[in-house]
Amino acid sequence: MFFALAALLLPLLSFILLSVSGKRLPGKGDWLATGLTGLSFVAALLVFMGVFQSDAPHTSLLFKLEWFRIGNTTIEAGITLDNLSVLMLGLVTFISLLVHIYSMAYMKGDPRYHRYWPYLSLFVFSMLGLVLSGNLLITYMCWELVGVASYLMIGFWFERPKAALASQKSFIINRLGDIGFLVALMSLFSLAGTFDIQALNQQIGDALRQAAAALPLSDTADAAGAISGTADVRIYIAAAGLTLAAFAKSAQFPLHTWLPDAMEGPTSVSSLIHAATMVAAGVFLLARMFPLFPGELLDVIAVAGTFTAFLAATVALVQFDIKKVLAYSTISQLGFMMLGIGTGHYEAAIFHLVTHAFFKCLLFLGAGAVIHHIHEVKHHHNLEIGEQDMRIMGGLRREMPLTFWVYTLAAAALAGLPFFSGFLSKEMILLGSFGWALEKGGFWLLIPLSAVATSLLTAWYIGRQWSLVFMGKSRTPALAHVKEGNLKMKIPMAVLGVFTLFIWFSLNPFSTSDIALAGAFSANNTAALLQGVPGIITWGLLLLALVGLPAVLYTAFRGFSMKAQFREKESGLENFLSRGWYLDPVYNAIFVRPVLWLGNSMQAIDKKLVDGFLHLLERLVRSLSKVAAWLDKVIVDGLVNAIGGRARSLGDFFRGFQTGRVQQYMALAVFGLMILYLIKIVLDK
């Protein structure tokens, strides 16, 4: 348990130290971030060797502490160590360590070099917290942290408008998924009164199994469909919420459009996002919560994953940006993983996640090496070229031999050629999907057939990219002087290249029957997976891998390696595909523009109607105030002042008689008596 905590907390320590004083440290703290990540990997490796397959599948070692109370309910925080979590722990720390080493050369000289390392450490810590958490509430918190870290890294060069918009787009789309996660949390807590993942899987999984067992059905598919009438509706709400969250994080249709735009971040970060952190989180969440998914939702996941894989592969066919080809490839491969989960073989999905992490990380690091050196040549020769545009490349195999060879290994693994890891994991998913579809019958067979077609498209687009970048002659003479990077960039790529080979996962390069990595997760192992799959399908898939995929790769090589000129005008289909099936314009028309229109309308109403009324009211009050002020000043004050003035005048008048002269007083007395006498005479008449 100590090593598990160390593996988790060392990246957090790195984030804190580098945030406080990274700018003042030698090397801006790159050695500290890399060193602590290396120690985290060593600790993770010790945990992996001690836990993986040490007991029956899915047996957990739990470490819990009381966190807080709600009434009589105690919420505990802790970590879970089982086959799934320790496998992800080792994978995340290993890939992160290689990306750290690579970044020391790739990011050197960047003005924000000191900011890069704490962001990267936060990313690693968030993902490790997510995979180790035994409490779904903490998983959600780490889920949000992963989103924040990805937002920071995608918008790392925020002065570029595209990078700023890409980070905002990623953040907003993932918030939609987070709403689903939040709804799932509330549903599960109201249902089971706990956030403990093991307890949730056990209680709700048992409820689903009991509901299925109570039905007089022998067919698994029918039973799964009939559960909806007996199981609590909150299970469906929770499972749907988790599915929405996973689809957003793992870039599945219709929430996939953020991932190609996320290529605006540093390429080293892209390799981490696509291999072991951001997009892997969605697949991991579905695998972690797999027991509580009803059959109907698994069918939805399988269909959506298959469609996403096909859609993304078709878009990758016509891209000329070296990173966007890989981005759409990741979306497509994640679709394969969703197909594995949807067909009930989540162990095959996790196996493909592992093999994909190695070869996709390598592909991104190789693309980064190409971009890095083209960037240097561009500034040295003051060229006006796009650093990521494959149309300006070609012939780089001579100038960058190591990059060429390891890229070739990764491309072969992605294409699914025998003797490479991608063949084993993709074959397992395809076989499982055929078994699932045959059991269901009817149009469900279209699902595995579509997946096979997508595999051929995968071979085509990666063969096209490989040819455009490395084969033929250079289309830009200055690139003939490109040189490979230093050892900090070469070593991670060489290590990853080794892990693209089959030998690390199976002794038999043509069979998936003895893959311990996939069989460690459930009783639904590879032997069971192959049951019900006719031999003709198994041999057909093998023949396709041996003959069909190489034929597609050769065709792509012949079609693109010698091409020096490209058409400026695209055909209608190419235009449709290169713009991602026009989904962004559709989303803009359906969601973005109405929301902007509503916002602008509310602003106009606020400005013209509400503010206008308030301004009118203000003017009216001001006018009334002026009238009141005039009345007060002129009428009220005038009357009071007039009375006062008259009183003072009268006083002044009478004060004039107070002279102190006796003669004057006597004269006035005589005058007064005369007046009185005259008045008496008048009255007597």
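Predicted model: local features only at pLDDT ≥ 70, side-chain atom pairs only at ≥ 80, totals over all residues.

1. Y582 sits in the loop between α24 (572–578) and α25, and its phi is near 60°, which is a positive value in a residue other than glycine.

2. F419 also calls for a look at its backbone, its phi being near 80°, again a positive value in a residue that is not glycine. This residue belongs to the loop between α17 (401–415) and α18 (421–440), and with a relative accessibility of 40% F419 counts as partly exposed.

3. A further backbone point concerns the peptide bond that joins F253 and P254, which is cis, with omega at about 10°. P254 is placed in the loop between α9 and α10 (258–261).

4. Helix α9 (residues 233–249) can be described through two of its partners. Two packed helices are described by the angle between their axes and the distance between the axes. With helix α13 (residues 295–316), the axes come within 10 Å and cross at roughly 20°; the two helices are therefore roughly parallel, as the angle falls under 35 degrees. The crossing in which α9 passes α13 is right-handed.

5. With helix α12 (residues 278–288), the axis of α9 comes within 7 Å and the crossing angle is roughly 155°. Since this angle is over 145 degrees, α9 and α12 count as roughly antiparallel to each other. Here α9 passes its partner in a left-handed crossing.

6. Turning to charged groups, the structure holds 13 salt bridges. Side chains of opposite charge can pair when their charged atoms come close. One of these pairs is formed by D178 and R175, whose side chains meet at 2.3 Å, N to O. Both residues lie in helix α6 (residues 161–192), three residues apart, or about one turn of the helix. D178 has a relative accessibility of 3% and so counts as buried. The pair is also part of a network of salt bridges that links E144, R175 and D178.

7. The side chains of E387 and K378 meet at 3.6 Å, N to O, and E387 is buried, its relative accessible area being 19%, a value to be read against a cut-off of under 20% for buried residues. D389 pairs with R391, the closest N and O atoms being 3.1 Å apart, and R391, at 33% relative accessibility, counts as partly exposed.

8. Finally, which residues form a nonpolar patch on the surface? The patch is formed by W597, L598, M602, I605, L609, V610, F613, L614, L617, L620, V621 and L624, and together these residues have about 1200 Å² of accessible area. L609, one of the patch residues, is placed in helix α25 (residues 583–655). This leucine is exposed, with a relative accessible area of 58%, against a cut-off of over 50% for that class.

Key
Residues numbered from 1 in each chain as written. Heavy atoms only, no water. Patch = residues over 30% accessible without salt bridge, like charges linked within 9 Å, V, L, I, M, F, W, Y side chains within 5 Å. Areas by Shrake-Rupley, 256 points an atom, 1.4 Å probe, with all protein chains shown as cover. Salt bridge = Lys/Arg side-chain N within 4 Å of Asp/Glu carboxyl O. Helix = DSSP H or I, 4+ residues; strand = E, 2+ residues; numbered from the N terminus. Buried < 20%, exposed > 50% of the residue type's maximum accessible area, 1.4 Å probe, protein only. Axes fitted to C-alpha atoms, helices over the stretch in contact; angles between N-to-C directions. Parallel < 35°, antiparallel > 145°, perpendicular 65-115°, else oblique. Left-handed = near helix turned anticlockwise from the far one by under 90°.
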